[in-house]
Protein chains: 2
Amino acid sequence: MNKLKNSDSIQTISFIGAGNVATQMAKNLYQKGFKIKQIYSRTEASAVLLSQQVEANFTTSLKEISSDVNLIVISVNDKALIEITPSLDLGQTLTVHTGGSIPMSQLEGVSSRIGVIYPLQTFTKSHDISFEKLPLCVEANNEKDLKDLLSLSKRLSTKVASVSSKQRKTIHLAAVFACNFSNHMLAIADEILTKEDLELGLLQPLVEETITKAFTITPKKGQSGPAIRRDDNVINEHLKRLEKHPDFSDIYKKISNSIQNI
Amino acid sequence: MNKLKNSDSIQTISFIGAGNVATQMAKNLYQKGFKIKQIYSRTEASAVLLSQQVEANFTTSLKEISSDVNLIVISVNDKALIEITPSLDLGQTLTVHTGGSIPMSQLEGVSSRIGVIYPLQTFTKSHDISFEKLPLCVEANNEKDLKDLLSLSKRLSTKVASVSSKQRKTIHLAAVFACNFSNHMLAIADEILTKEDLELGLLQPLVEETITKAFTITPKKGQSGPAIRRDDNVINEHLKRLEKHPDFSDIYKKISNSIQNI
């Protein structure tokens with residue numbers, strides 16, 4: 001386990017929430033030498049489990065959350081975050097949330113010192129993930145806390161960026177295209193293949209190479225396929241094959257046009 | 001270098017084409033112990049370069065292509081394949097092409113024994129790629145040659161499948177969604193981010209995790225984001241942000257609907 005320096009302004013941290021993000025973030029901070037003091041969760045089993053893993057106390061009562069720490073991390077889903085904030089008064093204790101689309105201002109009634117640490121990754125509780133190469137988007141409502149949150153984040157990850165609430169929303173929108181919509185393209189491919197007894201796994205090397213290329217030479221330069229070649233024979237044949245799937249053929253047309261226009 | 005067994009029906013191979021696929025396939029076959037006899041390319045420099053790498057002869061004249069081998073691999077782009085086939089007469093020599101969307105029947109005038117070996121990957125000449133985990137889709141117009149092409153392919157790769165021309169077209173259509181269209185989702189994300197001085201690289205870990213998850217638990221089960229959660233607040237906010245990009249907002253709507261319907 002690493003040791004903190006005395007110069008680190010943030011040494012003690014509590015968590016509100018014991019879900020996927022809270023669990024992975026608390027464990028990574030604990031491993032880097034931060035003292036995790038308290039874990040709150042509505043669900044006692046979750047609070048106990050995480051508190052044992054990071055040598056913290058636990059509580060299931062919002063009223064028992066102690067503000068006697070350097071930082072409180074609220075890591076619950078968007079809906080719960082909006083529900084929970086009116087009942088929280090953490091005075092002057094630096095308080096951050098970890099969400100992608102909720103603005104920092106959601107915490108304005110909770111504390112006078114607020115911020116965000118948004119890790120750009122999807123988490124599962126059971127699968128431990130290292131934060132080392134994980135982009136962390138950091139925001140705060142004052143310069144001193146921003147500096148401290150940035151240096152805490154740099155102890156966890158080599159990819160730390162200062163990002164405003166507006167920029168964070170942009171990242172979230174971009175992620176919907178890059179992740180959620182890419183995933184749906186694979187779902188459509190899967191449906192097309194399965195109907196002819198073929199497996200999606202056939203495409204795995206090709207998809208992985210496409211993604212690697214996109215991040216290496218930019219997706220615009222890496223674009224291949226009938227649309228960018230303006231190969232109308234192939235495009236028309238594909239659209240004919242999709243006649244029974246108006247959803248898919250509509251998407252095929254729209255994206256092909258967009259590839260030709262971008 | 002490996003050695004072939006006497007029982008291997010295919011021992012000697014020539015290539016028509018010296019592009020990306022031809023280069024990588026010839027080098028992989030050469031390394032597995034096959035004798036590469038002749039390389040044809042219109043471009044002398046390409047023919048020479050590849051012939052030197054696999055200890056073969058070369059020619060730039062279609063008339064000089066010798067049919068005295070066990071297999072001829074035609075590996076040129078779709079357009080060239082259609083142009084070149086009327087001038088080829090390879091008698092009874094087993095002849096395959098390596099394309100994704102051209103049916104095997106394109107070779108019917110070229111030889112009486114025809115087939116396809118379609119490697120599901122994108123290639124670059126300069127970057128050597130191992131065929132070991134690369135799906136190879138194999139087809140032939142008779143059982144004996146199918147068996148021989150399958151065993152040749154199994155010497156190159158652990159992922160060999162017997163695939164009809166119709167199935168191959170299906171794979172090609174699915175690949176347009178899984179690769180070309182996924183790549184365009186990244187291109188849109190890139191454009192959205194760049195406008196606010198943010199880098200696409202921020203999303204790399206998230207995209208990689210999305211893809212890994214899709215191939216592990218299926219893309220349908222791995223789907224996340226506002227569409228599948230039917231989170232209309234976020235969806236409407238995103239559509240508002242995209243107002244100046246009718247292309248992107250149209251795609252956003254269509255794909256979100258499709259995610260909810262699939």
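These legends go with several close-up views of a predicted model.

Local features are given only at pLDDT of at least 70 and side-chain atom pairs only at pLDDT 80 or more, while totals for chains, interfaces and linings use all residues. Residues are numbered from 1 along each chain as its sequence is written, chains are lettered from A in the order in which they are written, and side-chain values use heavy atoms, without hydrogens and water.

**View 1. Chain A as a whole.**
Let's start with the overall picture: chain A has nine helices and eight strands. Both are DSSP runs, numbered from the N terminus: helices (H or I) have at least four residues and strands (E) at least two. The C-alpha atoms fill a box of roughly 70 × 35 × 35 Å along the principal axes. Of the 262 residues in chain A, 55% are buried (under 20% relative accessible area, with exposed over 50% and partly exposed in between; 1.4 Å probe, protein chains only).

**View 2. The open sheet of chain A.**
Follow the eight strands across in the order S3-S2-S1-S4-S5-S6-S7-S8, with mixed pairing; two strands pair if DSSP finds at least two bridges between them. Strand S3 (57-59) and strand S8 (160-162) of chain A stand at the edges with a single partner strand each, so one side of each has no neighbour in the sheet. From one strand to the next, the twist averages 25° (axes are lines fitted to C-alpha atoms, for helices over the stretch in contact, and angles run from 0 to 180 degrees between N-to-C directions).

**View 3. Strands S1 and S4, with a helix packed on the sheet.**
Strand S1 (residues 12-16) and strand S4 (residues 71-74) of chain A are parallel partners over four bridges. Look for Ile16(A), opposite Ile74(A) in S4(A). Helix H1 (residues 20-31) of chain A packs on the sheet, touching S1, S2, S4 and S6 of chain A, and its direction makes about 170° with that of S1(A).

**View 4. Around Ile36(A).**
Ile36(A) lies in strand S2 of chain A and is buried, with a relative accessible area of 1%. Beyond neighbours within four places in sequence, the contacts of Ile36(A) include Ile13(A), Phe15(A), Leu29(A) and Val54(A), where contact means heavy atoms within 4.5 Å.

The largest cavity has a volume of about 40 Å³. A cavity is a set of points on a 1 Å grid over the protein atoms alone where a 1.4 Å probe fits but cannot get out, and lining residues have an atom within 4 Å of a point; points are joined across faces, edges and corners, and the volume is the space filled by probe spheres set on them. Among the lining residues are Asp8(B), Phe34(B) and Leu152(B).

Definitions and conventions. 1 Å grid on protein atoms, 1.4 Å probe; cavity = no way out; pocket = protein on both sides within 12 Å on 5 of 7 lines; lining within 4 Å.
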